[in-house]
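The following account is intended for a reader meeting this structure for the first time. Please keep the sequence and the 3D view at hand while reading.

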Amino acid sequence: MKYVKLGNINTPVSVIGVGCMRIAGMTSSQLDHYVHTALDEGINFFDHADIYASGKSEEIFGELLSQQPALRNKLYLQSKCAIHDSMYDFSKDYILSSVDGILKRLKVSHLDSLLLHRPDALMEPDEVEEAFQTLKKSGKVLNFGVSNMNRFQMEFLGKRLSDGLAVNQLQMSAAHTPLIDAGINVNMMNDAAVMRDAGTLEYCRMNDMVIQTWSPIQKGFFGGTFIGSEEYKELNSVLDDLAEKYGVTNDAVAYAWLLRYPAKMQVIVGTTNSDRLKNAANAAKVELTRSEWYQIYRAAGNQLP
Ligand SMILES: NC(=O)c1ccc[n+]([C@@H]2O[C@H](COP(=O)([O-])OP(=O)(O)OC[C@H]3O[C@@H](n4cnc5c(N)ncnc54)[C@H](OP(=O)(O)O)[C@@H]3O)[C@@H](O)[C@H]2O)c1
């Protein structure tokens, strides 16, 4: 496994992280096996959100942590808040009460990081700073970050935050590349040239932020995986060839493609299958060449100008 430094935590976090959005249906023994499989593979990072299965994902994870308290110090625990009642909410009261709910469900005294899940159009940076400082002083949250924010939103918010932002969690996969396309198509008249995010990846790199990629093998917005999909024949053929070359599975190549981006990258995988988790861990062993990275990008249907 490879690791990156996230915020002010001394223990680095694994470049493959476990996304807990889909775990709510697991039995306690399945979850036990799943979490220990991750740890055996060197994966120490678990990503939650208060809304996953309406709190059930955190709840069953918390049960496991309470049964095996020694686990807590082996894990880096992240959760997210800001989505509720069909709106986005960065108000101080909401952030504080959401974190209390998260800690209660996870049965822990602190989170290693908290992300604001989706930008709130009504955000007041000073209010967010107050909430973050309250959480930091009480020891409830050690690091802060955002998710799905563009460059200007991070700059706007970050200006008021004494501790800055350690993370941005963004949708990115070989089949979902708008964050990359505009940079490749600068000054062209095609659709790919439209800069929708104002240089978000570059901003994260300039500010030493960890970029966490969500839905790393999904097509579109929860459109199912592109692995083995007829719609992505050429991409799968390239992934299969490279999988053979590197002695890993094709999904691991898709994760390695994300890890090849030269920032502090973390891939948040969503599989609920322990064997697939092991396959995912192998992605950290693969260092794609520049030519292979572009080959995958093109095979996903993108054209270079
Ligand atoms: N910040 C945000 O707004 C946001 C939004 C969405 C997600 N997330 C985070 O990102 C994490 C990952 O998202 P995701 O679950 O959509 O990611 P994903 O890893 O792209 O998709 C996982 C899904 O693909 C299936 N799958 C099919 N074939 C697979 C294969 N060969 N290998 C692995 N999985 C395969 C999995 O099924 P099996 O379980 O059967 O393997 C699972 O249903 C979430 O858990 C959450 O933590 C964040």
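This is a predicted model: local features need pLDDT of at least 70, side-chain atom pairs count only at pLDDT 80 or more; totals for chains, interfaces and linings use all residues.

Residues are numbered from 1 along each chain as its sequence is written.

A closed barrel of eight strands, with parallel pairing, runs β3-β4-β5-β8-β9-β10-β11-β12. Direction ignored, neighbouring strands of this sheet are turned by 25° against each other on average; the axes are lines fitted to C-alpha atoms. Helices (H or I, at least four residues) and strands (E, at least two) are DSSP runs, numbered from the N terminus, and two strands pair if DSSP finds at least two bridges between them.

Strand β8 (113–116) illustrates this arrangement. With β5 (residues 76–81), β8 pairs in the parallel sense over four bridges; Gln78 has Ser113 as its bridge partner, and Cys81 has Leu116. With β9, the parallel pairing of β8 extends over three bridges, and here Leu114 stands opposite Phe144. A residue is buried if 20 or more other C-beta atoms, placed from the backbone, lie within 10 Å of its own, exposed if 12 or fewer, and partly exposed in between.

Helix α5 (residues 151–158) has Gln153, Met154 and Leu157 as its buried residues. They lie on the same side of α5 because they cover an arc of only 100° around the axis, taken from the directions from the helix axis to the C-beta atoms. An α-helix has 3.6 residues a turn, so residues three or four places apart point the same way. The buried residues of α5 pack against α4 (125–137), β9 (144–147), β10 (167–171) and α7 (200–206), contact being counted when C-beta atoms, placed from the backbone, lie within 7 Å.

Of the 24 residues around the ligand, Gly19, Met21, Trp214, Gly270 and Thr271 come nearest; a residue is near if its C-beta atom, placed from the backbone, lies within 6 Å.

Most residues other than glycine have a negative phi. Lys107, however, has a positive phi near 55°, and lies in the loop between α3 (92–106) and β8. Ala198, in the loop between α6 (178–184) and α7, has a positive phi of about 65°. Lys107 counts as partly exposed because it has 17 C-beta neighbours inside 10 Å; Ala198, with 14, is also partly exposed.

Note on methods: Two residues are in contact if their C-beta atoms, placed from the backbone, lie within 7 Å. Axes are lines fitted to C-alpha atoms, for helices over the stretch in contact, and angles run from 0 to 180 degrees between N-to-C directions.
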